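Q: I would like to learn how to read the main features of a model like this one. Please take them one at a time, with the general idea before the case.

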Amino acid sequence: MNKYIGILLVIILSVLTGCGESIYSGAENTSSKEALIDDFDFRFLKNECDVIIERYDDYVNSSVSLSEKDLYSYVSAVLSCSGFDIVKGLDSILQTGGNDIYGTAAAVIGHNVIDMNTSMYLYKQYEKAINICADYKAELAQSNHTLNNTNLTLCGLAGTMGTVVNISAMLLNSSGGGANELQLTEEGLTDFGKDVNPTVVGLGLPSFLKEYNLFIYNLDSGLKLSEDAAAMLGDLLGQDSFSSVFGELAASLRDDKSQITEDSLINYISVSLGITIPDNIFPTVP
């Protein structure tokens, strides 16, 4: 049972920052700085994650430096608003062992089946969470510091789940409507590959990448956040092989120079999903 201690700690931290009644609610000085901070921290009790996000968005736009605690609250709020549910994820992980990253992600993000509209909504939410983590990580690196273990775990989860969300958005938007939804399991991705036209996917991918020109950057950022926390996430998920399983996914998304490119994504779609993209997707002009 020790391998689940990490999960319980994350849940406890979520409860501490997300539930409870203000300790200043019965005090006379409810407008003190401490009282306001406390009331702000416990907005999660009323599911007011939007209030948290708006507050920290204002901080960032005003160039106010965030603390590690601010980072935790900020990213937690973004994930919470998107339907992130570590408790349901834990139940799924305990049942499946966490080997199926797509299935694990489905439980954690709260969507077993995902359609195009949902995939794009989640893409934007996870894009935000990943960028918050990546920017803060880069800021810490300037002074030779790293994320604390709590935020490393949270950002690692955001990166892992964001990777699955991003891949789903890419596939659904490149399918040309050939498949309207995607079941988030390894088997579901294989079935998806059987329902789409390879040529349409080959044509649709460049259009998608052009419209969402930061897609590759966001996918790479999410992978790096997850890889940084791979060992800790493996312990968190109660699955020692998680880091190697995720490592295989990351490797399949990159080329031989460890870069994510349009060609490497086509290779992932072809090799891992069985959607053989034609070499010459444009017909030869007579």
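A: Start with the salt bridge, which is a side-chain nitrogen of Lys or Arg within 4 Å of a carboxyl oxygen of Asp or Glu. The model is predicted, so to speak of local features a pLDDT of at least 70 is needed, side-chain atom pairs count only at pLDDT 80 or more, and totals for chains, interfaces and linings use all residues. Residues are numbered from 1 along each chain as its sequence is written, and side-chain values use heavy atoms, with hydrogens and water left out.

Q: How many salt bridges does the rule give?

A: Side chains of opposite charge can pair when their charged atoms come close. Here the count is six salt bridges. One of them joins Lys-137 and Asp-228, with the closest N and O atoms 2.3 Å apart. Lys-137 belongs to helix α7 (residues 116-141) and Asp-228 to helix α11 (residues 215-228), so this pair ties together parts that are 91 residues apart in sequence. Helices (H or I, at least four residues) and strands (E, at least two) are DSSP runs, numbered from the N terminus.

Q: How many disulfides does a search of the whole structure find?

A: A disulfide is a pair of cysteine sulfur atoms within 2.5 Å. The search finds one. It joins Cys-133 to Cys-155, with an S to S distance of 2.1 Å. The angle about the S-S bond is -80 degrees, and the link between Cys-133 and Cys-155 is left-handed. Cys-133 is in helix α7 and Cys-155 in helix α8, 22 residues apart, and the pair links distant parts of the chain. Both Cys-133 and Cys-155 are buried.

Q: Which residues have the most contacts inside the largest nonpolar core?

A: In soluble globular proteins, nonpolar side chains tend to be buried together. A nonpolar core is a set of buried Ala, Val, Leu, Ile, Met, Phe, Trp, Tyr and Cys residues joined through side-chain atoms within 4.5 Å. The largest one here has 72 residues, and those with the most contacts inside it are Ile-167, Met-170, Leu-171, Phe-215, Leu-265, Tyr-268 and Ile-269. Helix α8 (residues 149-174) supplies the largest share of this core, 13 residues. A contact means heavy atoms within 4.5 Å. Leaving aside residues up to four places away in sequence, Ile-167 touches Tyr-102, Leu-219, Leu-249, Leu-253 and Tyr-268.

Q: What phi does Ser-63 have?

A: Most residues other than glycine have a negative phi. Ser-63 is not a glycine, yet its phi is positive, about 60 degrees. Ser-63 lies in the loop between α3 (49-61) and α4 (68-81) and is exposed, at 64% relative accessibility. Ser-258 also has a positive phi of about 60 degrees, and its place is in the loop between α13 and α14.

Q: Where does pLDDT stay under 50?

A: pLDDT is the predictor's confidence in each residue, from 0 to 100. The protein averages 77, and 72% of the residues score at least 70. pLDDT stays under 50 over residues 1-40, where the model has 45 contacts beyond four places in sequence. It also stays under 50 over residues 42-46, with 18 such contacts.

Q: How many helices and strands does the protein have?

A: The protein has 14 helices and two strands. Of its 286 residues, 48% count as buried.

How values were computed: Buried means under 20% relative accessible area, exposed over 50%, partly exposed in between (1.4 Å probe, protein chains only).
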